[in-house]
Amino acid sequence: MKEQDPSAARVAVIAGAARKGSIGREVAEHLVRQGYRVVASDIGGVLKTHPSYDVAPIDDLDDLGASYDPAVLVTRRCDVTDEAQVQALFEAAEASDGWVHVALTRAGRVFGLKLVCSPAPPYMQCDTHRPS
């Protein structure tokens with residue numbers, strides 16, 4: 001990982017950011033307005049484990065990316081149940097920006113999807129899911 005540049009914009013990685021009106025998308029757009037550089041992601045296809053789940057249309061992710069200058073927001077497809085894809089998502093953010101300040105992984109939490117969080121150090125991990 002690169003050393004943090006104090007003059008660089010803060011960086012956020014947001015999973016589940018495609019669907020219009022979703023928490024992930026609203027947070028991504030809010031962070032852009034706050035001066036963050038955002039890497040917004042979503043699965044972009046049918047979930048293997050939940051094929052009947054109505055995933056966000058990939059056009060929503062493409063529209064989000066087209067709405068912003070790539071200097072402030074980029075999009076990337078990522079299945080948060082696939083460790084290699086999650087690792088690649090964080091590595092891409094770190095390679096271009098050097099430091100990830102915020103990570104929001106709300107994708108799939110509606111139906112209890114098990115997320116892969118290993119790329120984030122333990123002190124950065126937060127599980128907001130409350131079992132019933």
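In this predicted model, helix α2 (residues 58-66) has three entries on its buried list: Asp-60, Leu-61 and Leu-64. Viewed down the axis of α2, these buried residues fall within an arc of 100°, so they line one face of the helix. They pack against α1, β2 (37-42) and β3 (73-77).

**Helix α1**

Helix α1 spans residues 23-33. Its buried residues are Gly-24, Arg-25, Ala-28, Glu-29, Leu-31 and Val-32. The packing partners of the buried residues of α1 are β1, β2, α2, β3 and β4 (102-105). After α1 comes Gly-35, with a positive phi near 100°.

| α2 | Asp-60, Leu-61, Leu-64 | within 100° | α1, β2, β3 |

Arg-25, a residue of α1, is buried yet has no salt bridge. Not counting residues up to four places away in sequence, Arg-25 touches Gly-16, Ala-17, Ala-18, Arg-19, Lys-20, Asp-60, Asp-63 and Leu-64. Among these contacts, Asp-60 and Leu-64 are buried residues of α2.

**Strand β2**

In β2, 6 of the 6 residues are buried, so the strand is largely enclosed by the rest of the structure. Both of its faces are covered: one side has Arg-37, Val-39 and Ser-41, and the other has Val-38, Ala-40 and Asp-42. In a regular strand, side chains alternate between the two faces of the sheet. Strands β1 and β2 run parallel and are joined by 5 bridges. Ser-41 of β2 is the bridge partner of Ala-15.

Val-38, in strand β2, is buried, with a relative accessible area of 0%. Its C-alpha atom is separated by 6.0 Å from that of Val-13, 25 residues apart along the chain. Neighbours within four places in sequence aside, Val-38 is in contact with Ala-12, Ile-14, Ala-28, Leu-31, Val-32, Val-72, Leu-73 and Val-74.

**Nonpolar cores**

The largest nonpolar core has 12 residues: Ala-12, Ile-14, Ala-17, Ala-28, Leu-31, Val-32, Tyr-36, Val-38, Ala-40, Leu-64, Leu-73 and Leu-104. The elements giving two or more residues to this core are β1 (11-15), α1 and β2, and α1 gives the most, with 3 residues. Leu-31 is in contact with Ala-12, Ile-14, Tyr-36, Val-38 and Val-102, neighbours within four places in sequence again left aside. A second, separate core of 10 residues includes Val-13, Val-39, Val-80 and Ala-93. In soluble globular proteins, nonpolar side chains tend to be buried together.

**The chain overall**

The protein chain has 3 helices and 4 strands, in the order β-α-β-α-β-α-β from the N terminus. Of its 132 residues, 38% are buried. Among contacts with a separation of 6 or more, 69% are between residues 24 or more positions apart.

Definitions and conventions. Residues numbered from 1 in each chain as written. Predicted model: local features only at pLDDT ≥ 70, side-chain atom pairs only at ≥ 80, totals over all residues. Heavy atoms only, no water. Buried < 20%, exposed > 50% of the residue type's maximum accessible area, 1.4 Å probe, protein only. Lys, Arg positive; Asp, Glu negative; His and termini not counted. Salt bridge = Lys/Arg side-chain N within 4 Å of Asp/Glu carboxyl O. Contact = heavy atoms within 4.5 Å. Arc of directions from axis to C-beta. Core = buried A, V, L, I, M, F, W, Y, C linked by side-chain atoms within 4.5 Å. Pairing = 2+ DSSP bridges.
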